[in-house]
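I am new to this structure and would like to know what stands behind the words used for it. Please go through them one at a time.

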Amino acid sequence: MILDSLDADLKNIVAELAKKANLSLSEEIDRLVFFDISTEKDHGDYATSCALKLSKQFKLSPRELADQIVQQLNNTSIEKISIEGPGFINVFIKTEDKANALQNILAQGLDWGKLETHKGSVLVEFVSSNPTGPLHVGHGRGAILGMVLSNLLENSGYQVTKEYYVNDAGRQIAILTSSLLLNAYCDDFDADGTYEGEYIHALALQFKKTQSDNDLTLSFDSLSDDKDERLDQISAHLKNTSPELWNAAREFAVTNILQIIKGELEEFGIDHDTWFHESSLGSINKSESDLAKSFIDIENKGHTYKKDGASWFKSTDFADDKDRVLVRENGEPTYYMTDVGYHKNKIDREYDLCINVFGADHHGYIPRLTAAFDVMKNDKQDIEFMLYQLVNLYEDGNKRSMSTRRGEFYSLEDLRKELGPDVIKFFFLEKKSDHTMDFDINLAKEESKNNPYFYSQYAYVRCNSILRKKRFNPQEKISDQEINANFDLLVKVLNFPKHIKEYTEERSPHSLVHFVKELAASFHSFYETSPVICDDEAVSNARLLITETTKLVIEKSFRLLNVKPLEKM
RNA sequence: GCGCCCGUAGCUCAGUUGGAUAGAGCAUCUGGCUUCGAACCAGAGGGUCGGGAGUUCGAGUCUUCCCGGGCGCACCA
């Protein structure tokens, strides 16, 4: 890319100037000295404000510094260079070089936009919804976010592992197991707080068929009035009186619900590389288990203490607002402890970076998890969190309720069946993730410009439609006129890698959606003003090349977004 | 009460590590199909960037205080 070469030259020049002035500015040069893509044609192709930022250090006026930089900047691609306003340096690139760059995109194909800027291994943990029921709409947002983030990271050179953490132990699973058994064997047993809904009834029926003892009757003696106590009594009773049945039911429920979840994720093209089961963390009492290893690690490093019979982690030494219990008085690990053990396992698998995609309601969890991670990690490892906020569904101007009293809820599957997976991806990704979003179902169904998904697909379809009609010679020289007349479109196509790099580093998949929308808009405008198939063969050839490269960039973007480009609509 | 997130056009939202005149779409108004797909394009109006103070060549962006909204503050998971 021309821009990379310009950036390198600029950094070298400023470094030289700093050296002459006896200034050590390597950090500033790294951070502040670079070219931006100009937002206006008048400002050239690229602009830098580095002279404004560094004038103080150099004890020069910004324009004086800019002048010194400009005198040395003689990159062969530069057509014209000027200093404007308070000290901006604007660079105009030779039209011929832009034309060459455009032709070069064709040679790269879908590798255009692929980066080699990052190294190392990343674990992205996302979805990790409890296997107690189908995914709801909110899970979908996290799922799509995690997937596209993974795509971007992979595209930039990282070795990415996508992981789903399965909470297959603990109280929620006990309640799920009870729910299944009650549904299978107790007619009209109404226990507040158990899982209900069609999927439970269906699973219960299936489960019953797998058991030889078909007419089992379950009975309960005195049950507490307190909802939670009662649920635990039911679980304990079932588990103790029929341990084999209990284990079979638990296994059956978890396996089958995971299958439902996995199937739904597949519909969205989301595939996790690993499914990590909480139950595999082992027992806190066995020293080789991840759970015990993580506890011992923190203990050995001197960050634990005993209080009220429990074992605590002094997380307040690491920016947490209160200390946390790891092991209860009764010897049972807390949920937090299991998550610490899980992260110890991630650390031992030697990932350089662990990214957790969390629902924003878990944000309070970040300081304590970071604290434990920082204690256990090696000094090259890092943890990051991405939060996603709630989704509100609107239909006909009214907020739509996503759950009912009966435990039924409007699931991700329901939404997908209503709209299709790709339009949902586009809408979910369009908004910044840490921002509650209003999802307008009517708009998502609309097939018009109002709907950014269709608008973008339509641009791709138009590209294809044109390219089917006429072939072109990719080597033929392109006139300056065609390059200059289509600045708005080409600036996006030619700088695609720079944008992708930024979206990856900023962890902002939503920016990619906005990029595609804007690229589509530029193409639609180009389409109206510049007939591609026309009598002038040279002009036609150039425009076909522009169309082809635009198509490539849209296609590549769609792939990163996990959206299937449509040849026809 | 403490912590995190958010507040930009009537609505839904962007806004490039602080940059040049704050942008899209919807809605309103005007114009454009005999031709590559009008599922589109061109144009107009619409703003105290929640409010005040500060930092500096420059603030929607950073700091601080206030106002308003969401979420979280367990030996639950």
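Predicted model: local features only at pLDDT ≥ 70, side-chain atom pairs only at ≥ 80, totals over all residues.

Me: Why is Lys-306 called exposed?
Reply: Exposed means over 50% relative accessible area. Lys-306 has a relative accessible area of 65%, so the word applies.

Me: Where does Lys-306 lie?
Reply: Lys-306 is part of strand β8, residues 304-307.

Me: Which residues is Lys-306 in contact with, leaving aside neighbours within four places in sequence?
Reply: They are Ser-311 and Trp-312. With Ser-311 there is also a polar contact, side chain to side chain, of 3.5 Å. As for Glu-329, its C-alpha is 9.6 Å from that of Lys-306, and the two residues are 23 apart in sequence.

Me: What makes β7 and β12 edge strands?
Reply: The order of the open sheet, which has five strands, is β7-β6-β5-β11-β12, with parallel pairing. β7 (274-277) and β12 (382-388) each pair on one side only, and that makes them the edge strands. On average, neighbouring strands of this sheet are turned by 25° against each other, direction ignored.

Me: How do you know that β5 and β6 pair?
Reply: Pairing requires at least two bridges between two strands. Strands β5 (residues 121-125) and β6 (residues 159-166) have five bridges in the parallel sense, so they count as paired. Val-122 stands opposite Val-160 in β6.

Me: Which helix lies across β11 and β12?
Reply: Helix α13 (residues 366-376) does, and it runs at about 165° to β12.

Me: Why is one side of β14 and of β15 left without a neighbour in the sheet?
Reply: Here the open sheet has three strands, in the order β14-β13-β15, and the pairing is mixed. β14 (398-399) and β15 (437-440) stand at its edges and each has a single partner strand, so one side of each has no neighbour in the sheet.

Me: What makes β13 and β15 a pair?
Reply: Four bridges in the parallel sense join β15 and strand β13 (residues 391-395); the requirement is at least two, so the strands pair. Val-391 stands opposite Met-437 in β15. Helix α15 (residues 421-430) packs on this sheet and touches β13 and β15, its direction making about 150° with that of β15.

Me: Which residues have the most contacts inside the largest nonpolar core?
Reply: Among them are Leu-102, Leu-181 and Phe-439, in a core of 115 residues. Helix α10 (residues 243-267) gives the most to this core, with ten residues. Not counting residues up to four places away in sequence, Leu-181 touches several residues, including Phe-207, Leu-245 and Trp-246.

Me: Which element gives the largest share of the surface near RNA strand B?
Reply: That is α17, with eight residues. Of the 64 residues around RNA strand B, those that come nearest include Phe-34, Arg-328 and Tyr-527. Sugar or phosphate accounts for 60% of the RNA atoms within 4 Å of the protein, and bases for the rest.

Terms used:
Residues numbered from 1 in each chain as written. Chains lettered and ligands numbered in written order. Heavy atoms only, no water. Buried < 20%, exposed > 50% of the residue type's maximum accessible area, 1.4 Å probe, protein only. Contact = heavy atoms within 4.5 Å. Polar contact = N/O pair within 3.5 Å; in protein donor to acceptor, adjacent residues only side chain to side chain. Axes fitted to C-alpha atoms, helices over the stretch in contact; angles between N-to-C directions. Core = buried A, V, L, I, M, F, W, Y, C linked by side-chain atoms within 4.5 Å. Near = heavy atom within 4 Å.
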